[in-house]
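Look over the model below. Some questions and answers follow.

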Amino acid sequence: MKSGKLIAALVVAALVAFLLYSTLGAQRVQCSTCAQFNGQRNCATATAATREEATRSAMTTACGTIAQGMADVINCQNSTPMSLSCETK
């Protein structure tokens, strides 16, 4: 019975390690951006597998607190960032 529990614990630990590795390993680019919309400004940082995905995610996060309603959020996300910096991890 003890060896069965040990094997189960090892399998669970291996699964958790694999999930962490596959999730965190895909985050290869980190981008920081600042958005300005309707007189407000907000900055955010995001990581993703590509520069485009990280930029889009950071812009979405930055616009989330300064835009009200779906139309404003879309317009904010489509605006040119005030600043953008990306680095590869």
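Helices (H or I, at least four residues) and strands (E, at least two) are DSSP runs, numbered from the N terminus. This is a predicted model: local features need pLDDT of at least 70, side-chain atom pairs count only at pLDDT 80 or more, and totals for chains, interfaces and linings use all residues. Residues are numbered from 1 along each chain as its sequence is written, and side-chain values use heavy atoms, leaving out hydrogens and water.

Q: What is the order of the three strands in the open sheet?
A: Two strands pair if DSSP finds at least two bridges between them. The edge strands, each pairing on one side only, are E2 (40-48) and E3 (83-88). Pairing is antiparallel, and the order is E2-E1-E3.

Q: At about what angle does helix H2 run to E2?
A: Axes are lines fitted to C-alpha atoms, for helices over the stretch in contact (heavy atoms within 4.5 Å). Angles run from 0 to 180 degrees between N-to-C directions. H2 (residues 51-64) lies across E1, E2 and E3, and its angle to E2 is about 145°.

Q: Is alanine 67 buried or exposed?
A: Alanine 67 sits in the loop between H2 and helix H3 (70-77). Buried means under 20% relative accessible area, exposed over 50%, partly exposed in between (1.4 Å probe, protein chains only). Alanine 67 has a relative accessible area of 6%, so it is buried.
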